[in-house]
Amino acid sequence: MTKRYGLLILIPILIYGSVSFANEYATLLAPLFEAILPLIYDRLDILTVSVAEQKSEWHYILSADNSTTIYLNSQLIPPGIGASSSTLVAHSMQHIVFLGIVVIVGSIRFRSSLIKLAIFVPVMIFSLEIIDVPFVLVGAVEDLLLFYLDPESLKKSPYVMWMNILNNGGRIALSIAAGWVVVVLSQINEAE
């Protein structure tokens with residue numbers, strides 16, 4: 001029992017590591033997000049993601065532009081409109097921290113396979129990052145474009161709706177739910 005509760009020492013280590021290595025983590029993820037963006041968003045076709053410090057906080061920054069004319073709400077928009085958005089790198093770290101805490105506490109309460117945890121934790125964190133950061137970056141650009149060019153469709157945009165869900169507590173809820181999924185999938189069956 002003492003060994004299992006010894007896992008609680010991992011929680012402050014997890015939090016410290018998330019804060020200390022946030023920029024390196026974000027720098028590794030930025031090229032992945034840049035590769036994913038053209039698959040999820042096609043209104044603008046020049047999409048680059050970088051990591052930069054703004055006002056003492058680190059951000060993922062999306063620079064978006066169009067190389068061709070686009071049509072939006074009966075308006076022709078010439079090439080080169082340029083738009084950008086950003087989201088905090090700390091949002092990526094929330095997935096690690098909240099999922100990690102749930103997994104650590106859950107694996108204390110329920111017997112979990114370390115091999116299954118080693119497989120499911122990175123897969124789940126990777127999945128959370130993909131459904132979060134690229135969509136929030138795109139949602140912010142879409143919010144900007146629609147606000148000025150087509151305000152009627154702003155509330156109907158799935159990108160803007162998803163961004164708002166994530167920014168209003170959805171990110172934490174997803175991380176906690178994903179942590180419980182990992183705990184359930186990693187439980188050791190009596191037959192094992």
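Before I go on, some housekeeping. What you see is a predicted model, where local features need pLDDT of at least 70 and side-chain atom pairs count only at pLDDT 80 or more, while totals for chains, interfaces and linings use all residues. Residues are numbered from 1 along each chain as its sequence is written, and side-chain values use heavy atoms, with hydrogens and water left out.

Okay, the overall picture. The protein has six helices and five strands; helices here are DSSP runs of H or I with at least four residues, strands are runs of E with at least two, and both are numbered from the N terminus. Reading from the N terminus, the order is α-α-α-β-β-β-β-β-α-α-α. The C-alpha trace spans about 65 × 35 × 25 Å along its principal axes. Of the 192 residues, 40% count as buried. Buried means under 20% relative accessible area, exposed means over 50%, and partly exposed is in between, with a 1.4 Å probe and protein chains only. And of the contacts with a separation of 6 or more, 68% are between residues 24 or more positions apart.

Back to serine 18, which sits in helix H2. Is serine 18 buried or exposed? It's buried, because its relative accessible area is 6%.

Now helix H3, residues 22-40.

Which residues of H3 are buried? They are Ala22, Tyr25, Ala26, Leu29, Ala30, Phe33, Ile36, Leu37 and Ile40. An α-helix has 3.6 residues a turn, so residues three or four places apart point the same way. The buried residues of H3 pack against several elements, including H2, strand E1 (46-54) and helix H6 (158-186).

Next stop, the loop between E1 and E2, where you'll find lysine 55 and serine 56. Lysine 55 has a positive phi, near 50°, in a residue other than glycine. Serine 56 isn't a glycine either, and its phi is about 65°. Lysine 55 counts as exposed because its relative accessibility is 82%, and serine 56 counts as exposed at 62%.

Over in helix H6 there's tryptophan 162. This residue counts as partly exposed, because its relative accessibility is 27%. Leaving aside neighbours within four places in sequence, tryptophan 162 is in contact with Ile131, Phe135 and Leu174. Tryptophan 162 and valine 136 are 26 residues apart in sequence and 7.4 Å apart in space, C-alpha to C-alpha.

Last one: isoleucine 9, in the loop between helix H1 (2-6) and helix H2 (10-20). Isoleucine 9 is exposed, with a relative accessible area of 55%.

That's my tour, thanks!

Conventions: Contact means heavy atoms within 4.5 Å.
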